[in-house]
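This briefing is meant to be read alongside the sequence and the coordinates.

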Amino acid sequence: MLGGLAPELTLHPIGFIRTHKQVKFQARHQPAEIEAERNVLELLPGANYEQALQDLTGFSRVWLVWWFHRNTDWRPRVMPPRGPARRRGVFATRSPHRPNPLGLTPVQLIKVEGRKLILGPCDLVDGTPVFDIKPYIPAYDAFPGESAGWIAQVDAALAVPPEFTVAFAPLAEKQAEWLQAGWQIDFRPRLVELLARDPSPHRTRRITRRDDREFLIGCGAWRAGFTVAENAVTVEVIEPGYPQRFLNDPAKRNGLPDRDAQLAFLELWPERA
Ligand SMILES: C[S@@+](CC[C@H](N)C(=O)[O-])C[C@H]1O[C@@H](n2cnc3c(N)ncnc32)[C@H](O)[C@@H]1O
């Protein structure tokens, strides 16, 4: 026992969120308030949660307390995706890689319908377990004058317009259109956002050098090859993130995100030799 408390506590999700983001790459680092996005948090039946939601109507925003269920590890120092490639203590970041991977997001509450909450933009991937909902109370929860340490410095540096333009070569454009039309997979906005800021190799941004000419950026289950000339980035090609032998391997293929889409993609655009 630790100070009278059990060293382990058990939490049970009250529900799971349904969002359009299947992979972590698609989710913002914090909710992008300008996006007209609708997400649904459906609370579990049989637990009287309908009653627990009483009186929440009228609050325009709620806090969600949730679990980074797709993570299995934590690190004392992490490399945040924004700003210079520099590690920071995890407790000075909002990184998902925490000893207790609890997420905290203030999100717009559009409507309560029975056990369902219709919510605005959020940074949770589809299926994320949610532990608690609390009303956001501006008089208690907002302290706009406080200092934000290293994040304020990074924000000030990012306030200047992006340094790079990002264009799609005809092949990459065709591939991206095909993915969106047939599979509702579209990572172009996030790709442009990341590459316009800084296309240089970076571990957390998952950018590596492929060869003398091209770089690669990981986009969830996919990746994109791009070139850089002066301040112009050109996305040249899109590729599945997994090799074909992996996608077909009975021991590995189950649960691979976007597997069907990747196999169909490879029929049209076979793997490079
Ligand atoms: C930087 S964290 C911030 C989360 C929360 N607003 C907070 O401050 O605690 C947001 C990122 O977590 C990742 N993410 C979202 N849902 C997740 C989940 N269920 N498991 C693991 N990672 C997740 C996505 O990559 C998203 O961009």
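In this predicted model, helix α4, which spans residues 170–183, lies across the strands β9, β12 and β13, and its direction makes an angle of about 50° with β13 (232–240). Helix α7, covering residues 259–268, lies across β12 and β13, and runs at about 105° to β13.

**Sheet architecture**

- The strands that these helices lie across, β9, β12 and β13 for α4 and β12 and β13 for α7, belong to an open sheet of five strands, which follow the order β9-β13-β12-β11-β10 with mixed pairing.
- At the edges of this sheet are β9, made up of residues 165–168, and β10, made up of residues 207–209, each of which pairs on one side only.
- From one strand to the next, the twist of the sheet averages 30°.

**Pairing of β11 with β12**

- Strand β11, residues 215–219, is paired with strand β12, residues 222–229, in the antiparallel sense, and five bridges connect the two.
- Within this part of the sheet, Gly218 is found opposite Arg223, a residue of β12.

**Cysteines**

- The number of disulfides in the structure is zero.
- Cys122 has a relative accessibility of 1% and therefore counts as buried, since that term applies under 20% relative accessible area.
- Cys219 likewise counts as buried because its relative accessibility is 1%, and its position falls within the residue range 215–219 of strand β11.

Notes. Residues are numbered from 1 along each chain as its sequence is written. This is a predicted model: local features need pLDDT of at least 70, side-chain atom pairs count only at pLDDT 80 or more; totals for chains, interfaces and linings use all residues. Side-chain values use heavy atoms; hydrogens and water are left out. A disulfide is a pair of cysteine sulfur atoms within 2.5 Å. Buried means under 20% relative accessible area, exposed over 50%, partly exposed in between (1.4 Å probe, protein chains only). Two strands pair if DSSP finds at least two bridges between them. Helices (H or I, at least four residues) and strands (E, at least two) are DSSP runs, numbered from the N terminus. Axes are lines fitted to C-alpha atoms, for helices over the stretch in contact, and angles run from 0 to 180 degrees between N-to-C directions. Contact means heavy atoms within 4.5 Å.
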